[in-house]
Amino acid sequence: MKLFFSLAFAAALAAPLSGLHAGSLTPPDGPPQPTMKTLDQVEPGTPITHEDMPFAINTPGYYYLTENIGSEGYASITISTGGSVTLDLKGFTLSGEIEITDRTNAQRGSSTTIRNGHLTDKGIANQGFKTNDLPARPLILENLTISKCVYALDRVTNVILRNCQLADNQTGIATGQANTYIQASNSSITGSTAAIRNNTPDRLSIEGLTISGCDRTIENSGFLSALELRDCRMEIQEVLNIPLFSRLENCHFDVISDSAFEVDDMLMEGEVFITGCTIINQGGNSSSTSALLLNRGAQVTQTKILNFPRVIGAGQNVVIDQVQITYNRDDGYGERAITAERGLTLSNSLITGYQVGVDAPDGEASISKCQFFSADWGDTGVQVGENSSIAECTVRGYATGIEADQSLVENCRVLGSSHPYSNIGINTYESVVADNAISNYDTAIYGEGIQVSGNRIINCQTGIRAVGHNIIVRQNTITAQDGIEGFNGIYADNVINADGGAAIDVDTENSVIVRNIARGNTPDRLFPFPPYDYMGGTVGPVVSGILGSKEGDTQTQPISIFIDGQVAVIEGNNELPLGSPGISPWANVASEQ
């Protein structure tokens, strides 16, 4: 079997290969022909060389450079298709201009895209992109460097920048005459005289753009009605004037000038919104003006503002919420964080390092849930005019914590400095001061015609000092050298721990003193003198209950307290026994209190 297979295989090899044919070795007639593919076959499109200059693109399609163009003469590319064009620079440099025209086809086709290369300083007019009338669809620019031009982008109204750098031009972007939209990602304008030169009287919207090293950030050649900045990072060399209708959102601003933003007309009411921004003073320490000058009705939210001597100058009815204002430079301290006209609303904010936290003298301010921390013995934390409210705030380290006229101050923590004592915790006129905690002040609460209730006062030299008329001081807890000093009013239900002074020192001619508890008075204040001073010995009708004996030491004995519903009355220096019928005309008033 093996022998048969071997013989058959050998016979097959020996057979002639009559069925197989080799190719002809004779060359064809005529000259040799190329066998490689053309450039068009490798990459479909239209190549552009320096010999094609000036070049006009009149048909939609794909166009690309094959070399650097313009270094030895005029270079110009005109696109007049109204869209549906991609111009690829292929990494080459065009020293000239690209001009986009054609108004009649403005609404036609898809976007025009220009990408992958460099535009620089040689050519006609040195204008990078010149668009007489940009189509409604955006101009898309990708992976471009444009430098040393008069205008890197001129008269654009709708442009998308992706990975583009506009550097060392006289003007980065000059806008058109209509609403302008600039959308950028990983793109920047640097080293220009003007980063943006605005020509539109309508709306300018910029998103995602970085601007640095430019003399002017946005230069307005006309009246801009609205400005929108989103997700931008900008260096501001001089004051940026913004229109009445503006929105600055999630932006970072490094400010070299004294001020950052100023609304065009402070007296007009508009819609200025600043939200999610960081604004940092990287320049000098001039306090000639505020970082933000805001018009009526402006709103600032979720924003950080750092190291400006003066921060916000606000018109009427400005709203500020969740804002951090801090001064922590080594060259001094901040002067005023917020100066506002009537109707300020401030909430959920932190102010640190300023001599004055808020100054709103025109009143009708609402300040709530804020923290104010002084720098270097600050002057006043919060000062407001009439019909204002200050609630749930912490004020620390100021000579005067809060100043308020005809207002409400409630649920605040006001903390002075212990060495030495600060001046006045809450200084007020005809106001309601309720449920606050105050410590480390010479006088915790001082005011004329005030209503003071539910406050907790510790470590002060004087707890409450009330002057004038219509005074009500009730339900306060006081630990101080002197508890209460006052004039005509009602003093009821207070708990006083006097440390070396008088618990209650009032003019009693027209006062009611009732249901108070005092402890820890000076040792020489024994019966028949109760532990309160009658201001020069003048004694009027006082309703009071007394617990103790003439011989007993009243340092730890409660005074001015009802015992089993019975009232003892003191008139002059005479002491009536406890339980005697009340003979003072104030008795009924005291009972009602």
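Trainee: Why is Cys164 called buried?

Mentor: Its relative accessibility is 2%. Buried means under 20% relative accessible area, exposed over 50%, and partly exposed in between (1.4 Å probe, protein chains only). Cys164 therefore counts as buried. The model is predicted: local features need pLDDT of at least 70, side-chain atom pairs count only at pLDDT 80 or more, and totals for chains, interfaces and linings use all residues. Residues are numbered from 1 along each chain as its sequence is written, and side-chain values use heavy atoms, leaving out hydrogens and water.

Trainee: What makes Cys370 buried?

Mentor: Its relative accessible area is 2%, so Cys370 is buried.

Trainee: Why does Asp88 count as buried?

Mentor: Asp88 has 4% relative accessibility, so it counts as buried.

Trainee: With which side chain does the side chain of Asp88 make a polar contact?

Mentor: With that of Tyr62, at 3.1 Å. A polar contact is a pair of N or O atoms within 3.5 Å; within protein, one must be able to donate a hydrogen and the other to accept it, and residues adjacent in sequence count only if both atoms are side-chain atoms.

Trainee: How far is the backbone nitrogen of Lys90 from a polar atom of the Asp88 side chain?

Mentor: It lies 2.9 Å away.
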